[in-house]
Amino acid sequence: MTKLLRILMCTLAALSFCQAATAARPSKPMDTFENLPIQTTSGKALTRAQIQAAIIQAGKQRDWIIKPAADGTLAAHIDVRQHSVDLAIRFDTKKYDIQYKNSTNLGYEINKADATRPLIHPSYNKWVHNLVSDINKEFHRQ
């Protein structure tokens, strides 16, 4: 029984080590989200108010909190487990940009190989790509 217990304990220790090793995934270059076109199914141009409402609605679908900022942009924030991200969304009636502002526990760092694309946890790119997709779906509903 003691030998079986030792084998079980070693197996559990190995599994917990593997889980910890995969939890901290290596950083990837941050994707850029600039000059994204605002397109509707009808081809009709949207007002700034309609664009703002569509972006805020799209964010709600994945628990982003998006609010108007004093400078005319939209401030977007999300908390996912122990991680968080803050973005600025700038827009006019033809295009929009999503810019990184800050994050917690996502390993943001300067990319020595390409200073224009900082490094960050790969989930950041996934979360923002999903937000862009949801925003574009909202525009197409207009």
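These notebook entries record what I looked up in a predicted model.

**Ground rules**

I number residues from 1 along each chain as its sequence is written, and side-chain values use heavy atoms, with hydrogens and water left out. Because the model is predicted, local features need pLDDT of at least 70 and side-chain atom pairs count only at pLDDT 80 or more, while totals for chains, interfaces and linings use all residues.

**Entry 1: the core**

For burial I used relative accessible area: buried is under 20%, exposed is over 50%, and partly exposed is in between, with a 1.4 Å probe and protein chains only. Helices (H or I, at least four residues) and strands (E, at least two) are DSSP runs, numbered from the N terminus.

The core has 32 residues, and Tyr96 and Ile98 touch the most other members. Two or more residues each come from β2 (33-37), α2 (48-60), β4 (74-80), β5 (83-91), β6 and α3 (122-141). The largest share, 7 residues, is that of α3.

I then listed the contacts of Ile98 (contact means heavy atoms within 4.5 Å). Leaving out residues up to four places away in sequence, Ile98 touches Phe33, Leu87, Ala88, Ile89, Val128, Leu131, Val132 and Ile135.

**Entry 2: helix α2**

With 13 residues, α2 reaches 19 Å from its first C-alpha to its last, close to the expected 18 Å. The buried residues in α2 are Ile51, Ala54, Ile55, Ile56, Ala58 and Gly59. I find the buried residues of α2 packing against β3 (65-68), β4, β5 and α3.

**Entry 3: aromatic pairs**

I searched for ring pairs: rings of Phe, Tyr and Trp (its six-membered ring) with centres within 6.5 Å, called stacked if the planes are under 30 degrees apart, edge-to-face if over 60, and tilted for the rest. The whole structure gives 3 aromatic pairs. Tyr96 and Phe139 have ring centres 5.7 Å apart and planes at 75 degrees, so I filed the pair as edge-to-face. Tyr96 is in strand β6 and Phe139 in helix α3, so this pair ties together parts that are 43 residues apart in sequence. Tyr96 is buried at 1% relative accessibility, and Phe139 is buried at 1%.

Tyr100 and Tyr124 form an edge-to-face pair, at 5.7 Å centre to centre and 80 degrees between the planes. Tyr100 lies in β6 and Tyr124 in α3, so the parts tied together are 24 residues apart in sequence. Both Tyr100 and Tyr124 are buried. Ring pairs join Tyr100, Tyr108 and Tyr124 into a cluster.

I also looked for a charge over a ring (NZ of Lys or CZ of Arg within 6 Å of the ring centre and within 35 degrees of the ring normal). Arg48 lies over the face of Phe91, 4.4 Å from the ring centre.

**Entry 4: salt bridges**

My criterion was a side-chain nitrogen of Lys or Arg within 4 Å of a carboxyl oxygen of Asp or Glu. The search of the whole structure returned 4 salt bridges.

Asp31 and Arg117 meet at 3.0 Å, N to O. Asp31 is in the loop between β1 (28-29) and β2, and Arg117 in the loop between β6 and β7, so the pair ties together parts that are 86 residues apart in sequence. Asp31 is partly exposed at 24%, and Arg117 is partly exposed at 29%.

Asp92 and Lys95 also form a salt bridge, at 3.0 Å, N to O. Asp92 has 29% relative accessible area and is partly exposed; Lys95, at 33%, is partly exposed.

For Glu138 and Arg141, the closest N and O atoms are 2.4 Å apart. Both residues lie in α3, 3 residues apart, about one turn of the helix. Glu138 is buried at 9%, whereas Arg141 is exposed at 56%.

Asn111 sits in the loop between β6 (95-104) and β7 (119-120) and is buried at 8%. Beyond four places in sequence, Asn111 touches Pro29, Arg117, Pro118 and Leu119.

Ser84 is in strand β5 and is buried at 9%.

Notes
A nonpolar core is a set of buried Ala, Val, Leu, Ile, Met, Phe, Trp, Tyr and Cys residues joined through side-chain atoms within 4.5 Å. The expected span of a helix is 1.5 Å times one less than its number of residues.
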